[in-house]
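Thanks, everyone. I'd like to walk you through one model today, piece by piece. Please have the sequence and the structure open.

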Amino acid sequence: MPTNFTVVPVEDSPLSDPDYDGQILKVEDKEGPDTVAGPSSGDDTPRETSSLISTDHDGSIYGRNMALYEDEMDSTPMVSSLLNKLANYTNITQGAVEHEEAESEDGIRRVTVNGPQMGTFIGVYLPCMQNILGVILFLRLTWIVGTAGIIEALAIVFMCCTCTMLTAISMSAIATNGVVPAGGSYYMISRALGPEFGGAVGLCFYLGTTFAGSMYILGTIEIFLIYIMSNADVFGANLKDDKLTMQNSMRVYGTCCLAIMTLVVFVGVKYVNKLALVFLSCVVLSIMAVYAGVIQTAIKPPNFTICLLGNRPLQHNKFDKCLKSEVRKLFCTGGSLNETCDEYFTNNNVTEIEAIPGLLSGVISGNMWGHYGPKEMIVEKVGQSSEPASETDREPYVLNDITTFFTILVGIYFPSVTGIMAGSNRSGDLRDPQRSIPTGTILAIVTTSFIYISCVVLFGACIEGVVLRDKFGSSVKNTLVVGTLAWPSHWVIVIGSFFSCCGAGLQSLTGAPRILQAIARDGIMPFLQVFGHSKANGEPTWALLLTAAICEIGILIGSVDAVAPILSMFFLMCYLFVNLACAIQTLLRTPNWRPRFKFYHWSLSFLGMSLSLSLMFVSSWYYALVVMLIAGCIYKYIEYRGAEKEWGDGIRGLSLNAARYALIKLEEAPPHIKNWRPQLLVLLKLGSELEIKHPRLLSFTSQLKAGRGLTIVCSVLEGTFMARGADAKRSEQNIKAAMSKEKTKGFCHVVVSSNQRDGFSHLIQSAGLGGMKHNAVLVAWPTNWKQSESSLSWKNFIETIRETTAAHQALLVAKNIDQFPTNQDRLAEGTIDVWWIVHDGGLLMLLPFLLRQHKVWRKCKMRIFTVAQMDDNSIQMKKDLQMFLYHLRLDAKVEVVEMHAGDISAFTYEKTLVMEQRSQMLKQMQLSKTEREREAQLIHDRNTKSHNLLNDKTTPTSDRVQMTWTKEKLVSERNRQREANMAVRDIFNMKPEWENLNQTNVRRMHTAVKLNEVIVNKSQGAQLVLLNMPGPPKNECGDENYMEFLEVLTEGLDRVLLVRGGGREVITIYS
């Protein structure tokens, strides 16, 4: 519905002030890149700008009325300025309009571009008519009607015209959904389906246009050699004497014609544009001559006859009169005494019939049905009596030059309905593309469809069937078959079709390089960059040379019938994706999908897409597969090697909708055990330069995931987002680069928090979306935690353990992560040892299986160790474990380790004592440090207060300052420090008092020491050791002891992965 705007004048503007005479706005349009660096906001984050936003503002021009918005005027301009930019905005690369050089009065040569001036009729309708009506109409349509019959020929025409009409409707919707620069269908498809599909289909459209040029040139040479200069054969043979020789002549002449046309296009496309009207006039006059000839046949049929021997037409270029005595030389050999004649010639008479019986003759009934046959089959008149004979010489008769069947006729005919993109390709030259393209294209298709359908019926109603099936007109003295129907002379059709094919060939050589240039300038395929360059006047020179080279390949094929199905495949692939683009955009209902053309529907687009795909396989299934393979290779190349482009395409919107649907479905129920796999949240630590401290953690992630499942790589920066927003973005870029290097597929996120503990806590709680949330957390062991001045590192680590346990998520802790293998390493031998102490879901057994899927760990064997107590039956345990692994389908060696209950060793007591004394010492030192800081702050506060009182009273009041450090307190503090220093010096020499130790810590240390002895004994040479990770103490007072327990447990092992389950089963024996 229309929108009403009201313009409200604002008073006191400096522009309306009569005294204001010094600041007059002068706008100069300057060409520049589409995106300019916008001004920085307060947080140093660049604002996104576009070519419609000008940064050349003078703040005074806006006056006092808009002072509230003046700080952001550069990035958010006034509406008046924006509308002025929109009115003068052009982002159109002129395509078909010639970039002519003009001389100004001062003699300086400048490049001037003609503005868009063409309307619907000149800019869209006539170019589409010229491209659609061409070589197939004049050279092959009569043969198609005679071979397929009127009924099946109408079916072929109807299918092809319906396909192009549905495509035109979809194209009209896309073309009216915004500005379409030069590049036409490539631009529409690429911006609607993304760079991968756009590049693949754009190249297909380019190749189709290039092979169309080959077909038009071959058609031109065919007309020249057969119907105009039949004696101009280079090798001195006509078509039927030696078909191969004739093809060689077409190759020679075609190459020369291609060279001349390429030179014309190279010199300047303006000459092609000037000749376009002449070529179009030839097409129109030829069609008018055909319709005039049809009317003439109803009054007086033309004087064209054919000669039949029995029911077989003869090639009329080998004799003068249709008499048996005249054609005897073709069938008899030897002298008059021992003459030997062909049996069929002897048994049948020669008759002469009209080639064009006329509209009212009733010949239409004999042409209703098809007459297919193999190659070299003799064409015969249906209903004409003849005497059969044994095998005869086929040379004098009219023969099928190829094997004919319905599907091959579809492939040969389809190029006659291509050319519907001519209007959209000229979008840069149109006055109003959004109105002209739909109207002109659809009217052109309606007009040409009427011409084709009427010609099919009229040809079948006026021309004899055997003449229709005579592809080259050899039965009517090498006259173009459609020319026999023309009035006033067949030369009108011959000359008209000759120039029509020349013009179409020139148009193809003009349009194809510009399509390639548009693809190259988009930069989606690096190897095409050179073809984006052009001459000073805008002509794509290198693209033209490549086009000519590919066109030469089509000419070397040497046959219109062989080239036509090839270009049909490329055009059908292009039409398929135009319909797909419209259907996807319609179904997604994206906010930007607002085409002015309203007569479209997604069902019509899907019908057009299905019809295009069907016609591809109907025409030639092997050509269809080859073209799809080419398009698929281009797609994958752009996906892996091409430049990254974000065009807001429909495929991305389709992915978003599919992802939303999948996420909603995942929310309905938790994943089953059979579908469980580790969805990792990787917590990274960054250095002072925002570099990754442990890049091997990403390597291990890729080895564990192998590109499957969810991976979220996160890190935390301390501070505020306003201050460190730029650092967060830079950190994400560094992490993404590392992920790409390590081939870790996943997502990256860096958050800014007041402290790392809160940041990691928030990530554990909120990372992921819906059903795609992590179920396991991977972190690196805090190295050098004992030597660290701050206890934050290991305290944050323990809090992470507690939070993952509370969130029912698994936890993987990689110890000595810098010694883990890279993705380039190959572990030739070794084992992955699993120490299964307690069962917490089976994750310990699943992880080695996943690791061995990667090529780094593939050759490692899996061993599982479990611990048996005194009252356990170790033999039975081993059998049960082997059976359990058998049901789990895991190939692993099983070993049960017996741990006898022995006395706690002195080493264990000493370890425990050292641990507790160290813990006590750290507490004392921390308390002493805190107390000193508190006393110093108190002294500072009192000194500040006394100084203020001195300033107020201006009298000395130093006796009011009282020191907090009394003599007794100072002595006490020195004694405490001396005791702490003595403890540090004598900690390993003092005799332990074991009875004062915490017995719980003693038992835990005993377990850690005994287990470590067993693990080191069995697995010291293992490539990786997986071990159940004990939980942290519930009382936070024992956190530092917990870290010591883990250190003792893993001492002497190179690579350790500590594992805590998430509280649910992750592996099952059931299918």
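Start with helix H26 and its buried residues: Leu 843, Leu 844, Met 845, Leu 846, Leu 847, Pro 848, Leu 850 and Leu 851. Keep in mind that this is a predicted model. H26 covers residues 843-851, and eight of its nine residues are buried, so the helix is largely enclosed by the rest of the structure. Buried here means under 20% relative accessible area.

Strand S3 runs over residues 305-309. How many of its five residues are buried? Four are, so S3 too is largely enclosed by the rest of the structure.

What does S3 pair with? Look at the sheet. Three strands make an open sheet, in the order S4-S3-S7, with antiparallel pairing. S4 and S7 are the edge strands, and each of them pairs on one side only.

Take the S7 side. S7 spans residues 350-354, and it pairs with S3 in the antiparallel sense over five bridges. Two partners to find on your screen. Leu 308 has Thr 351 of S7 as its bridge partner. Leu 309 has Val 350, again in S7. A general point about such neighbours: in a regular strand, side chains alternate between the two faces of the sheet.

Now the S4 side. S4 is residues 312-313, and its antiparallel pairing with S3 has two bridges. Here Leu 309 comes up again: Arg 312 in S4 stands opposite it. So where is the turn? S3 and S4 form a hairpin with two residues between the strands. Gly 310 in that hairpin takes a positive phi near 70°.

S8 is residues 680-684, and S9 is residues 711-718. These two pair in the parallel sense, over five bridges. To locate the contact, go to Leu 683: its bridge partner in S9 is Cys 714.

To recap. H26 is largely enclosed, with eight of nine residues buried. S3 is largely enclosed as well, with four of five buried. In the sheet order, S3 lies between S4 and S7. Questions, please.

Methods:
Residues are numbered from 1 along each chain as its sequence is written. This is a predicted model: local features need pLDDT of at least 70, side-chain atom pairs count only at pLDDT 80 or more; totals for chains, interfaces and linings use all residues. Side-chain values use heavy atoms; hydrogens and water are left out. Buried means under 20% relative accessible area, exposed over 50%, partly exposed in between (1.4 Å probe, protein chains only). Two strands pair if DSSP finds at least two bridges between them.
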